[in-house]
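I opened this notebook to record what I looked up in one structure. The entries follow the order in which I consulted it.

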Amino acid sequence: MKDLAHLMANSCWNTDSSSVLINYCVSFLFVAGKDITFVAKVDSSNLLRKPAMKWLKGKWLDLGSKAGKHLQFKETYDRNTKIYTYEMSIIKVVDGDAGGYRCEVTSKDKCDSCTFEVTVQDNSPKYIFCFNCSGDAGEDAGDLDFSALLKKREKKQQVVQEEVDVWEILKAAKPCDYEKIAFEYGITDLRGMLKRLKKMKKVEPKKSDAFLRKLDSAYSVDKGKRIQLSVEVADPNAQVKWLKNGQEIKPSAKYVFESVGNKRTLTINKCNLSDDAAYECVVGEEKSFTEVFVKEPPVTITKLLDDVHTVVGEKVEFEVEVSEEGASVRWMKDGVELNRETAGSKYRFKKDGKRHILIINEATKEDIGMYYAFTNGGESKAELEVEGTILSLKVLQSIADLTVKSAEQAVFKCEVSDEKVTGKWFKDGVEVQPSDRIKMTHIGRIHKLTIDDVKASDAGDYTFVPDGYALSLSAKLNFLDPPKIHLDTSGTGNKNTITVVAGNKLRLDVEITGEPAPTVCWMKGDQVVAEAEGRVRVETRKTLSSFVIEGAEKPDEGHYSITVTNPAGEDKAELFIKIVDVPNPPENVKCTSVGEDSAMITWDPPAFDGGVPVKGYLMERKKVGSSRWTKLNFDVYESTTYEAKKMIEGVLYEMRVFAVNGIGISQPSTNSKPFMPIAPTSEPTRLMVDDVTDTTCALKWRPPEKIGAGGIDGYIIEYCKEGSKYVQNIYQRNFYKPSDNWVQANEEPVGKNQYRVKGLPVGEKMLFRVVAVNIAGRSPPATLSQAVTIREIMENPKIRLPRHLRTKLISLVGEKVNLVIPFQGKPRPVVTWFKDGIPLEDKTVGTRTSEVDTILFIRSTERAHSGKYTLSVQIENMSDSADIHIQVVEKPGPPIAVHVTEVWGFNAALEWKPPKDDGNCDIIGYTIEKADMKTKEWFMVYEHNRRPSCTVSDLVMGNEYSFRVFSENICGLSDEPGISKNTAIITKTGLAYKPPPFKEKDISSSPKFTAPLVDRSVVAGYATAISCAVRGHPKPKIIWMKNNMIIGEDPKYLMQNKQGVLTLNIRKPSLFDGGRYSCRAINDLGQDEVQCKLEVRGSKANPPAPLPHIHLPFTASMTNATSVIYHKFLQQAATLSHPD
């Protein structure tokens, strides 16, 4: 029969609209050997994409990787209701399937989970005779009769426990046990606990080369909150990897990576129970570890326990209600914890949503006491009182535990006070029936149970229950069976050899038998493989030990052994795990030779063949700059030399090679150096002699007519004496081989089309030839038709003066002069420079001479460098010379003696003298400007005026004018002008103005405020001001007061009076500066006063920047209408600067 554990049917519906799961699960109890199915339903009507479901066991064991015959998964979707249904089936449940499970569903930024417990009991009908069920009342239908199974238990006295230091326990415990210990001792502030533990554990941190600051040992975060894990690395450019339970984390909306300088941060958003895990930060070979604990909110008790008063034999229920569904509740009686393992069949535990119920099937006197219900956020207690009497039976001898081996006899014996009492024997709650092996006897007061030829199935708990008494005597039969390893490696080829492909997962399940359950130890060589979470680990169940390697690597290869031991003996098995992989890439791929459309490629075999012989190779090629590779062979090629054909001449190619073995294809080799299929060029053209000396010969030539796509890498020049025997051009596979009689003049090919061969014998006749070289080799040679005699040739000296130096060279002061003048002559002529007929000795003027030219350079010219420079070249009695005129100029000085000579009407005549300094060149004109003496602004009158005089017209009558003159040469206007010593006054004629007599008006008045003070509300710490306006004559005296107290020379206050606008500035007001401020104006004719209220408020978190205070000029002569407008403006300005 198949049990179906629906999460919906056995749980409360979830009413939270933000959740993804529409129900939560509670704990389950199943019988071993049956099939069970768990069903979870997800409402996707509000989801943007399909949800992802994970079934987990424990903290982080993903059951999806365990799918097979024992564990099966199914998924369906209802289009009408938009509900996804996920099923997990456990086929023939075993004891190892018991434990905590969690289903976790995620969809984009939403996440939800449900936890539940699975308990597995032995497949025996121990409850069949206890339940007399009738009707369809469900779990509680019928009468429950457990009286026959009750044990006699003496009422325990409450023991006063010694005071325990929980911090010492926490210091010695592992971080994974912190939460359990905190729950046991009532610690609810996990964050505070971790901080205190961190301070208590003063361990000297190990110095790290990669980390400046590592992760803390543990972090705690509330469910749904965000947490940040940060480290500081020594290298700001270092790359880090983040791992969760050994698996690398990829960036996403949930996991955010940040890198700022040396700081690396991992941010986990919306933490849930699946984030409760171990995390690592890896930099190179170094790691930093930590654990993250996701804390759920404390569960409180909303409905307390009630005291119960009952009689013997009645059913008792204690009910408590908690704040959250699926919460864990611990039950205790008189300080002793009650759970499924220790309570036996006397107590039952029931969960119904938020309700948790403790059921006592038949109450006895032993059940009297105080019962407690504990959660991590509260507790409740209630007292049970039981009345009534039961018959008493005295036990003279109780049965004792037995340990026997196979085929031996086991005898259970007990003695009671009443010899007439009969009873029944039970094994694991099921009544024992007599058989050929099992016999039960009753002689007087002694009751015996004899089991012959004991088997493993006989092991268990045996109980004798006297009829008519609430009493039971129990003992355990322990069966000893030598351990045995059932290792099956028949499908792996060699005996006890297991071959695993690198990167794959190995899971070796080994069945183990033996009673009691044997201890299992896996070893690799002399090292023990730990039973812990990791890449290489051991998972042990009752009759099964699994050796797991996640992502097999080459270092995992080796000899392994498994040893099982128990008190009855020991067994051992050995096996060899071989890791095979694809081979390494081939090495040293290169091109050895090229043809017009082909190339010869060679390579070396891979250094590591992956543990499997290499079958052959695959080749690919591509053009340089392209990303597209072309396969050259589809069948495996066994040799390490390959001729690639059908290539385009002049195109650069690259090659790469793959190695192939029985596992697969290797990674590609590194690309070969680029090579080009190409043929040599034709011979160079127009080879001729350019120059000959006593020991050298200069040659020049033109490039070959046919070059090809490969271009030219350079030229090789060779020579030999006339009359020597030499071999003509020899071609072998497009490669030219020179004769031994020719001597190579240059070690490396030259890129220019000219070369001077040095070290030649004087007077000898020499032959020369030139060869072009490219990637394909040497071209045919170009040879001189006649021999060249090595002897110096005389040539008259001659200066080739550039055209721009044949006229005067003009340069500005400070500029750089660099003159290059070529010359010719053989042998090399002697070069001499002169200035104004005298040999040049000025150190500021430099010269440099080569074989073909001479250079005259001046780094910064001065006027003293002006003059005639003469260049002379001479060979023995022959010479040539050339003159170069250099003029260094600058801006002129100002004109002198500028004066106004005559003024008539609207005209003025000016005269001046030329400047003393003309800048070493002619004056080409003058610029005249005029300025009114009132405005002092200058305006141009004449430009490029060549004469030292001028007449200025159109002057304004009644004005007085001044004049200035700039001199100008080819460099520009002078820096300073010449200013006229006198001015020109244009007088008025025939006009006279008689002003009327002035009568002074009496403007005396008493002070009157035209704009009052306005109430203000300001923020403390920000400067403020209050303003008003007053008029009166004579000028009134101003007095500022606060709360009717005159404000003196307090530096906190600044009082201003600008044309009747009065301002009181208060620097950084505090709460004590609030109050009533008044301003009083007094003169001889009277006084006036205005006042306002100033409120100072406390500063906000981010106070707005105060607007600057506005000052407007205000005079006593303003009209009443103007003062009203000004008053309204001040009120609006105050409202804008302080809106509240």
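With which residue does Arg535 form a salt bridge, and how far apart are the closest N and O atoms? I found that the partner is Glu553, with the closest N and O atoms 3.7 Å apart. Arg535 belongs to the loop between strand E42 (527-528) and E43, and Glu553 to the loop between E44 and strand E45 (558-566), so this pair ties together parts that are 18 residues apart in sequence. I use the term salt bridge for a side-chain nitrogen of Lys or Arg within 4 Å of a carboxyl oxygen of Asp or Glu. Helices (H or I, at least four residues) and strands (E, at least two) are DSSP runs, numbered from the N terminus.

Basis of the entries. This is a predicted model, in which local features need pLDDT of at least 70 and side-chain atom pairs count only at pLDDT 80 or more, while totals for chains, interfaces and linings use all residues. Residues are numbered from 1 along each chain as its sequence is written, and side-chain values use heavy atoms, with hydrogens and water left out.

Entry on Arg535 and its partners. I noted a salt bridge between Asp556 and Arg535 as well, the closest N and O atoms being 2.8 Å apart. This pair links distant parts of the chain, 21 residues apart, with Asp556 in the loop between E44 and E45 and Arg535 in the loop between E42 and E43. I then looked up accessibility, where buried means under 20% relative accessible area, exposed over 50%, and partly exposed in between (1.4 Å probe, protein chains only). Arg535 is partly exposed at 31%, Glu553 is partly exposed at 38%, and Asp556 is buried at 6%.

Entry on other salt bridges. I recorded 38 salt bridges in the structure. One of them joins the side chains of Lys333 and Asp334 at 3.2 Å, N to O, and both residues are buried.

Entry on the second largest pocket. I read its space as about 1,000 Å³. Of its 38 lining residues, Lys57, Leu61, Glu533, Arg537 and Glu539 are the closest to its centre. A pocket here is an open set of points on a 1 Å grid over the protein atoms alone where a 1.4 Å probe fits, with protein on both sides within 12 Å along at least five of seven lines; lining residues have an atom within 4 Å of a point. The lining divides into 14 nonpolar, 9 polar and 15 charged residues. Strands E8 (99-107), E40 (506-515), E43 (536-540) and E44 (544-549) each supply at least two lining residues, and the largest share, 4 residues, comes from E43.

Entry on a sheet. I traced an open sheet of 3 strands in the order E47-E48-E51, with antiparallel pairing. Strands E47 (587-594) and E51 (641-644) stand at the edges with a single partner strand each, so one side of each has no neighbour in the sheet. Two strands pair if DSSP finds at least two bridges between them; 4 bridges join E48 (residues 599-604) to E51. Ile601 stands opposite Tyr642 in E51.

Entry on Phe464. I located Phe464 in strand E37 (residues 460-466). Phe464 is buried, with a relative accessible area of 1%. Between Phe464 and Lys424 the C-alpha to C-alpha distance is 5.8 Å, and they are 40 residues apart in sequence.

Methods:
Grid points are joined across faces, edges and corners, and a volume is the space filled by probe spheres set on the points. Ala, Val, Leu, Ile, Met, Phe, Trp, Tyr, Cys and Pro count as nonpolar, Asp, Glu, Lys and Arg as charged, and the others, Gly among them, as polar.
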